[in-house]
Amino acid sequence: MKTMNFHKLFLWLLLGCVLSCKQEKSNDSKASPQLEKWMLGFEKTAVNPIMQADSTYVFEDPISKKPVRWQKADVFNPGAVVRNDTVFMLFRAEDNPAAILGERTSRIGLAYSTDGIHFNKFPEPVFYPSEDAFRKWDHPGGVEDPRVVETPDGTYIMLYTSWNNDVARLSCATSKDLRHWTKHGPVFQRADGGKFLDVWSKSGAMVTELVDGRLKAKKFNGKYLMYWGELFVNLAQSENGTDWEPFLDEKGELLHVFKPTLGEFDSHLTEPGPPALYTENGILLLYNGKNLQGEGASSAFPEGTYCGGQVLFDKDDPKKLLARLEEPFICPSLPHEVSGQYKAGTTFIEGLVFFKNKWFLYYGTADSMVGLAVKE
């Protein structure tokens, strides 16, 4: 699929979203089956999961000074990027299967694939807590949920969560080769005098554009844009991709550009997924929606389940929401997606690449494995 074809397909998405929204306002009906089928066009691959935990991988932890089976418990929530006709995946790995959810140490591993499906892992993690100035943010919980983009000059920016078992902080690192990374710490540490440094923050999805068949970070009036957050989707901007300024409302608080919808699959939270896509028709954000437990939850999906949704923002005013898919386009359905660490079920979308004229969407399954869905 070429860039031109992508724009044509996106026109169909925009048309489907607009029709769906108009119908909802007028007669509360759904989009037509044909449009809905296109909008939910990602198909899970026959090979699924595509990556699992492996206790044979060992490295010496720089903090404990002891050998650690760094991906013994789980591998999940990957980011991805194409480099030299190869897909590189940065995946989250946890070490101790005996520890409860949220109490394990996470590190980030690197794997590569020439077909986008079968991956070879590098033997040691490429990113992890260490005896450095960032330990106070990265340890003991570790570094989680990487999302990676390439800038026009060939630098890679990785947005990830620093977890010290107290406050989750959205952090940043840069690299030229995906193996050696420079940490820059929490992305909001300098914004507004440090007001948001100790505010819970996660999941940064920078806006990218398909250029010559590859996704590249895009600047708007000289600044990168990032959708981020967990309970709500917020927006931030940056000149360098490492120091970010969140958009604020009239009261000086974080601006919520997209919120949960009570009674729907995303009734609890709306959390950005992979890097957002800029097209001539708008900015498409794939996001993770979690269903509430109890009052306000959708009865169409199990309580607590994570499914994937899509929203469209105005390309000239990225704060302005244009449309939202009423139904999720990916949900837990396979056995490994409803078992493991998070048994309520998770298809946590996080990595997206355009590769061999197809869209490859990588996701975490129940906080335990890596899954894949492809759009032709």
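How many bridges join strand E25 to strand E26, and in which direction do the two run? I put this to the predicted model before anything else. I found seven bridges between E25, residues 358-365, and E26, residues 369-375, and the two strands run antiparallel. Within this pairing I noted that Phe360 stands opposite Val374 of E26.

**Sheet.** I then looked up the sheet to which these strands belong, and it turned out to be an open one of four strands in the order E1-E26-E25-E24, with antiparallel pairing. Its edges are strand E1, residues 43-44, and strand E24, residues 347-355, each of which pairs on one side only.

**Disulfide.** My search of the whole structure for disulfides returned one, formed by Cys307 and Cys331 with their sulfur atoms 2.1 Å apart. I read 115 degrees about the S-S bond, and the link of Cys307 and Cys331 is right-handed. The pair links distant parts of the chain, 24 residues apart: Cys307 lies in strand E22, residues 306-313, whereas Cys331 lies in the loop between strand E23, residues 321-324, and E24.

**Cis peptide bonds.** I recorded a cis peptide bond that joins Asn48 and Pro49, with omega at about 10 degrees, and I placed Pro49 in the loop between E1 and strand E2, residues 59-60. A cis peptide bond also joins His139 and Pro140, where omega is about 10 degrees; Pro140 sits in the loop between helix H3, residues 135-138, and strand E8, residues 142-150. I marked such bonds because most peptide bonds are trans.

**Positive phi.** Which loop holds Asn84? I located Asn84 between strand E4, residues 74-83, and strand E5, residues 86-94, and although Asn84 is not a glycine, its phi is positive at about 55 degrees. Asp85, in the loop between E4 and E5, is likewise not a glycine and has a positive phi of about 60 degrees. I kept these entries because most residues other than glycine have a negative phi. For accessibility I noted 58% for Asn84, which therefore counts as exposed, the cut-off being over 50%. Asp85 has a relative accessible area of 68%, so Asp85 is exposed too.

Terms used:
Residues numbered from 1 in each chain as written. Predicted model: local features only at pLDDT ≥ 70, side-chain atom pairs only at ≥ 80, totals over all residues. Heavy atoms only, no water. Pairing = 2+ DSSP bridges. Disulfide = S-S within 2.5 Å. Buried < 20%, exposed > 50% of the residue type's maximum accessible area, 1.4 Å probe, protein only.
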